[in-house]
Amino acid sequence: MRPFALVFTVLAACATSAGARPQLDPGAPPAAAVAAAQAENRARAASVGPRLAGEAEQLLRASFDAADGAHRGTLSRDEARGGGFGWITQRFDAIDTQHAGRVSFDDVRRYLQLRDARDASK
Amino acid sequence: MTAPSAAGAPEASIFYVAYTADGAAPGTRPVTFFFNGGPGSATVWLHLGSFAPRRLVTGVPATTQTLPFPYVDNAESLIDTSDLVFVDAVGTGLSEAIAPNTNQTFWGVDADGAVLRDFVTHWLAVSGRTTSPLFLYGESYGTVRVPVLTRLLETAGVRVAGAIELSSVLDYNSNCSINLPQLPTVGCAGALPSYAAAGSWYGLASAATPVLDDYLATVRDYADATYAPDAAAWLADRTLPPAGHLAALEGYTGLPAAVWRGQFDMDYDTFRHNLIANTTLGVYDARVSAPVGSALDADDEPSDTFVAPGFRAGIASVLKDELGFTTPSTYVITSAAIDTWVFAHASRSLPDVIPDLAASISLDPSLKILFLGGQHDLITPFHQTELDLARLPAGSPITTHFHAGGHMTYLDDTARPLMKADLVAFYAAALGDR
């Protein structure tokens, strides 16, 4: 067993906070975030089923859009890898069924749907 | 170690302590990254208290262990199963942003996940471990951090074999006591079994049965079938249920019906200050209690007041004396990050990471996720975790194990070996399915 500790760049240290009650984990979020969340929660219950699947897909779409800095709506192999979506790069040919050299988010969705249908039939 | 962005610009210097086994084949040996939460907490609790090769002895739920806590060889070390890397988030421990970034740059649900993704990716690359099965272990706010990090790593093409979530807060919008001292605006049914466990511990729950797991299963059913709709009605217009329901709650928890009548949607502060007269119960471990006004009650949180000083002193001596690491900088155990943390995530002002888990499973159907927790933890109640997880589709690759114990469940000498067995079985299943 070989323990080691490393730190390269070290700047100034932060102050610690102190209060009558210790800061708990998970601690209470700032009041503004709490108020906004409570308004949202009155309008919308926690997601399940298709709405949860939609929220999950939205997370992936946001990552796709972030990688698509040029807003072309499609990514090349290298743009996907460089933009934090190497998952696409690793299975690029399977997603790029049109052999266009670029894939859209709809191509990604179709790939996932086909894979899930195939897995379900196993 | 620096965490460089994809473009190669250094973002932050990240402090970690790694334990690696000599002689093991690094390309196939699992590596696990551990993260405490807060946000704003260093990873001292997991590092010094859980599954590293050595650990601090606390003796909880007893409060008789004197300082300094002994630092002993850990019979439940996970080093037999995986290499272990304990990571301090930006602004905690010795981890710091690199200019032009500031710590605040990384003080948010998404920015924190992204910089830790870059750190993990960089660590694996420079350590020659890119083919090692990758595991992530989060505790408390770390159970928000790990699902976000898992999704970002899977998106980047870095496979995560397993994610371990201890004492989970998967949806800040469903944890009824998260906003205390502001009283709950959502139902507390997820917390009722934890109150029952506490009442049972003190011999006050008249309905309690001898086997705790069986008893909590009974209370869980009552919570879902009866208390949840009752609490919803009370939240809507302060309608109280029939007296029989109040009597049932008193029987399950030991908390007098009169207290339920005053605050029917029961937050943990009302519960732990009223279960026993002139006594405060711990938030993290309700089995730890102290007379009001006593030294252990000085912070209104006896379980934290008992445990924290031993860990604060412990990290200083472990870094210097055990690991031989010295620095002129101050190791930050708790930062003020939470005051300015950006909690917004996806379409929510407070994070709900169930969609992150669903997205991660979608990207990698072989991913496995283990949820652990303590039955006497009031701050992240185990049944709330079960309710949150019930949102995932049937057949999702999740496993849950809850043991008698608090928030830092591993501190308990009975729970820690059970958790070790849970972990070993989980690693075997996750590795067998790759």
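First, the ground rules. Residues are numbered from 1 along each chain as its sequence is written, and chains are lettered from A and ligands numbered from 1 in the order in which they are written. Because the model is predicted, local features need pLDDT of at least 70 and side-chain atom pairs count only at pLDDT 80 or more, while totals for chains, interfaces and linings use all residues; side-chain values use heavy atoms, with hydrogens and water left out.

Confidence next. The predictor gives the complex an ipTM of 0.95 and a pTM of 0.95. Chain B has a mean pLDDT of 97, with 100% of its residues at 70 or more. That score is the predictor's confidence in each residue, from 0 to 100.

Now chain A. Six helices and three strands are found here. Helices (H or I, at least four residues) and strands (E, at least two) are DSSP runs, numbered from the N terminus. Along the sequence the pattern is β-α-α-β-α-α-α-β-α. Of the 122 residues in chain A, 36% are buried. Buried means under 20% relative accessible area, exposed over 50%, and partly exposed in between, with a 1.4 Å probe and protein chains only. The accessible surface of chain A is about 6900 Å², and carbon and sulfur atoms hold 55% of it. Those areas come from the Shrake-Rupley method with a 1.4 Å probe; for residues, only the protein chains shown count as cover.

Look at helix α2 of chain A, residues 49-67. Its 19 residues reach 28 Å from first C-alpha to last, close to the 27 Å expected at 1.5 Å a residue. The expected span is 1.5 Å times one less than the number of residues. Which residues of α2(A) are buried? They are A:Leu52, A:Glu55, A:Ala56, A:Leu59, A:Leu60, A:Ser63, A:Phe64 and A:Ala67.

One loop residue in chain A. A:Ser76 sits between β2 (74-75) and α3 (77-82) of chain A. Is A:Ser76 buried or exposed? A:Ser76 is buried, at 15% relative accessible area. Setting aside neighbours within four places in sequence, A:Ser76 contacts A:Phe92, A:Gly101 and A:Arg102. Contact means heavy atoms within 4.5 Å.

Over to chain B, and strand β4, residues 31-35. Five of its five residues are buried, so β4(B) is largely enclosed by the rest of the structure. Both faces are covered: B:Val31, B:Phe33 and B:Phe35 lie on one side, B:Thr32 and B:Phe34 on the other. Which strands flank it? β7(B), residues 83-87, runs parallel to β4(B) over four bridges. There, B:Phe33 has B:Val85 as its bridge partner. β9(B), residues 134-140, also pairs with β4(B) in the parallel sense, over five bridges. B:Thr32 stands opposite B:Phe135 in β9(B). Two strands pair if DSSP finds at least two bridges between them.

There is also an open sheet of three strands in chain B, ordered β1-β2-β8 with antiparallel pairing. Its edge strands are β1 (2-4) and β8 (96-97), each pairing on one side only. Two bridges join β2(B), residues 10-13, to β8(B). B:Ser13 has B:Glu96 as its partner there.

Now the cores. A nonpolar core is a set of buried Ala, Val, Leu, Ile, Met, Phe, Trp, Tyr and Cys residues joined through side-chain atoms within 4.5 Å. The largest has 76 residues; A:Ile88, B:Phe33, B:Phe119, B:Trp123 and B:Leu134 touch the most other members. Helix α2 (residues 109-126) of chain B gives the largest share, eight residues. A second, separate core of 46 residues includes B:Leu48, B:Ala52, B:Ile79 and B:Ile333. Back to B:Leu134: beyond four places in sequence, its contacts include B:Val31, B:Phe33, B:Val120 and B:Leu124.

Last, the backbone. Most residues other than glycine have a negative phi, and most peptide bonds are trans. Now the exceptions. The bond from B:Leu67 to B:Pro68 is cis, with omega near -10 degrees. B:Pro68 is in the loop between β5 (54-56) and β6 (71-73) of chain B. B:Leu180 and B:Pro181 are also joined by a cis bond, with omega about 15 degrees. B:Ser167 has a positive phi, near 55 degrees. B:Ser167 lies in strand β10 of chain B and is buried, at 1% relative accessible area. B:Ala346 has a positive phi of about 55 degrees too. B:Ala346, though, is exposed, at 60%.
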